[in-house]
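Subject: Structure handover

Hi,

Here is the structure I said I would pass on.

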Amino acid sequence: MAVCKKYITPEELKKHNKREDLWISVQGKVYNVTDWIKQHPGGDIPILNLAGQEATDAFIAFHPGTAWKYLDNFFTGYCLQDYEVSEVSRDYRKLCVEFTKAGLFEKKGHGVICSFCFIGFLLFLTFYGVLFSDSFLIHMLCGALLGLTWMQISYLGHDSGHYVIMTTRGFNKMVQILSGNCLTGISIAWWKWTHNAHHVACNSLDYDPDLQHLPVFAVSPNLFKSLNSMFYGRELTFDSLAKFFVSYQHFTFYPIVCISRVNLFVQTLLLLFSKRKVPDRFLNILGILIFWTWFPLLVSTLPNGTERVLFVLTSFAVTGIQHVQFCLNHFAADVYVGQPKGNDWFEKQTAGTIDIDCSPQMDWFFGGLQFQLEHHLFPRLPRCQLRKISPIVQELCKKHNLPYRSLSFYEANKWTIRTLKVAAMQARGLLWEAVNTHG
């Protein structure tokens with residue numbers, strides 16, 4: 001057990017915030033994770049985003065109890081001077097302990113088995129309808145079923161990325177490659193890279209990649225300042241093209257989201273063939289090759305070009321419902337500019353998320369992610385537990401006067417379109433100003 005003998009101030013800790021000199025604090029003890037960042041299973045971005053800070057709540061959220069024993073290997077001998085825990089963090093950590101003692105993180109239910117069976121059934125119907133029917137309507141229905149299948153596969157891949165859903169980590173990795181790369185064409189490596197950053201920097205305009213959609217979307221006028229993306233390492237340029245697209249984003253939102261899967265395919269390829277270190281690069285590329293073998297072959301069996309195009313568009317449009325859902329969870333929530341702070345973890349998650357209110361009968365459709373705040377606070381918690389803990393999270397938010405927003409699917413869409421329209425009107429003003437200035 002590491003013992004503190006020396007102390008440093010938070011200001012001194014902040015100086016160690018670079019990749020080549022990276023310290024963090026967990027429960028007041030300071031750790032040098034400069035070398036560990038290269039092999040961290042969750043990637044380098046989450047640690048870099050919290051570099052030089054107190055990061056206890058984030059560490060608790062993402063790591064099981066077995067991870068604590070490894071921290072001593074990185075202990076610097078320093079402790080944080082005047083280390084204090086806020087009442088919100090104290091209550092959050094208490095909840096984590098209670099959930100652990102109750103075994104909620106281990107009780108995964110039968111959701112995985114049910115998901116496998118459902119996905120297999122949907123795939124069977126899709127292939128059977130395409131290969132053994134000559135009906136145009138059946139073919140379009142199969143396209144819709146394939147889109148629904150991709151939605152369910154994505155939820156399963158999402159679960160396997162946050163916690164071990166199989167009996168071993170090896171089988172878990174196999175499910176990730178199969179569900180992500182082989183069946184959907186989207187790399188699990190790309191998902192982990194972006195998704196872990198999103199969780200840590202929830203709704204930071206310059207750190208959260210899930211809000212960086214220029215030139216087509218901008219959820220806040222702050223993006224008109226051409227912010228520097230700390231995730232992509234480049235400027236999010238708000239030029240004349242972006243002004244034009246953003247000016248009409250409340251009209252183009254749904255059409256663009258319907259084909260947004262194309263962008264995910266492109267992002268996957270850009271990452272896998274980049275110079276960036278990619279875990280299991282070969283397996284990821286192999287999985288993508290499998291997808292781009294079976295999917296074009298399936299489409300090619302359709303009788304003509306028109307049906308092939310409509311089949312693909314239908315499948316993309318149906319799975320686009322899931323992309324809409326992800327946008328509803330964050331686009332209309334509070335945003336900020338700057339590095340995420342480790343000492344207001346709970347507050348940032350409540351501010352940056354919106355839940356979707358639905359009946360228990362629809363939990364399968366939303367994959368548990370309608371409980372977005374609950375998932376962000378407890379990302380390792382199996383989806384079957386999220387509805388159970390929702391009242392507890394609501395009470396904690398109420399106790400500390402923090403927002404807990406739960407909207408119907410319809411209301412969440414209204415909020416999102418309103419947010420996009422507000423930004424669009426301001427961008428349109430800038431567009432016309434540029435036109436009048438330059439003719």
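Let's start with a helix pair: the axes of helix α12 (residues 281–300) and helix α13 (residues 305–328) come within 9 Å of each other and cross at roughly 130 degrees. Axes here are lines fitted to C-alpha atoms, for helices over the stretch in contact, with angles running from 0 to 180 degrees between N-to-C directions. Helices themselves are DSSP runs (H or I, at least four residues), as are strands (E, at least two), and both are numbered from the N terminus. α12 and α13 are therefore oblique to each other; angles under 35 degrees count as roughly parallel, over 145 as roughly antiparallel, 65 to 115 as roughly perpendicular and the rest as oblique. On the α12 side the contact (heavy atoms within 4.5 Å) is made by Phe295, Leu298, Val299 and Ser300, and on the α13 side by Arg308, Phe311 and Val312. Sorted by class, that contact of α12 with α13 has five nonpolar residues, one polar and one charged. For the classes, Ala, Val, Leu, Ile, Met, Phe, Trp, Tyr, Cys and Pro count as nonpolar, Asp, Glu, Lys and Arg as charged, and the others, Gly among them, as polar.

Before going on, a word on what you are looking at. This is a predicted model, in which local features need pLDDT of at least 70 and side-chain atom pairs count only at pLDDT 80 or more, while totals for chains, interfaces and linings use all residues. Residues are numbered from 1 along each chain as its sequence is written, and side-chain values use heavy atoms, with hydrogens and water left out.

Back to α13, which also packs against α10: the angle is about 125 degrees and the axes are 7 Å apart. α10 and α13 are therefore oblique to each other. From α10, Phe253, Tyr254, Val257 and Cys258 meet Phe316, Ala317, Gly320, His323, Val324 and Cys327 of α13. The residues of this contact of α10 with α13 divide into eight nonpolar, two polar and no charged.

What does α10 do at its meeting with α9? The axes of α9 and helix α10 (residues 249–258) come within 6 Å and cross at roughly 85 degrees. That makes α9 roughly perpendicular to α10. Phe245, Val246 and Ser247 of α9 make the contact with Gln249, His250 and Thr252 of α10. By class, the contact of α9 with α10 has two nonpolar, four polar and no charged residues.

Now for α9 itself (residues 240–247), whose buried residues are Ala242, Lys243, Val246 and Ser247. Seen down the axis of α9, these buried residues fall within an arc of 130 degrees, so they line one face of the helix. The arc is that of the directions from the helix axis to the C-beta atoms. Buried means under 20% relative accessible area, exposed over 50% and partly exposed in between (1.4 Å probe, protein chains only). At the start of α9, a side-chain oxygen of aspartate 239 reaches to within 3.3 Å of the backbone nitrogen of leucine 241.

The peptide bond from leucine 214 to proline 215 is cis, with omega near 15 degrees, and proline 215 sits in the loop between α8 (188–200) and β6 (228–229). Glutamine 27 is not a glycine, yet has a positive phi of about 50 degrees. You'll find glutamine 27 in the loop between β3 (21–26) and β4 (29–32), and at 44% relative accessibility it counts as partly exposed. Asparagine 401, also not a glycine, has a positive phi of about 55 degrees. Asparagine 401 is in the loop between α17 (386–399) and β9 (406–408) and is exposed, with a relative accessible area of 71%.

Finally, arginine 387 lies in helix α17 and counts as partly exposed at 28% relative accessibility. Not counting residues up to four places away in sequence, arginine 387 touches Cys358, Ser359, Pro360, Asp363, Gln370 and Phe371.

Cheers

Conventions. Polar contact = N/O pair within 3.5 Å; in protein donor to acceptor, adjacent residues only side chain to side chain.
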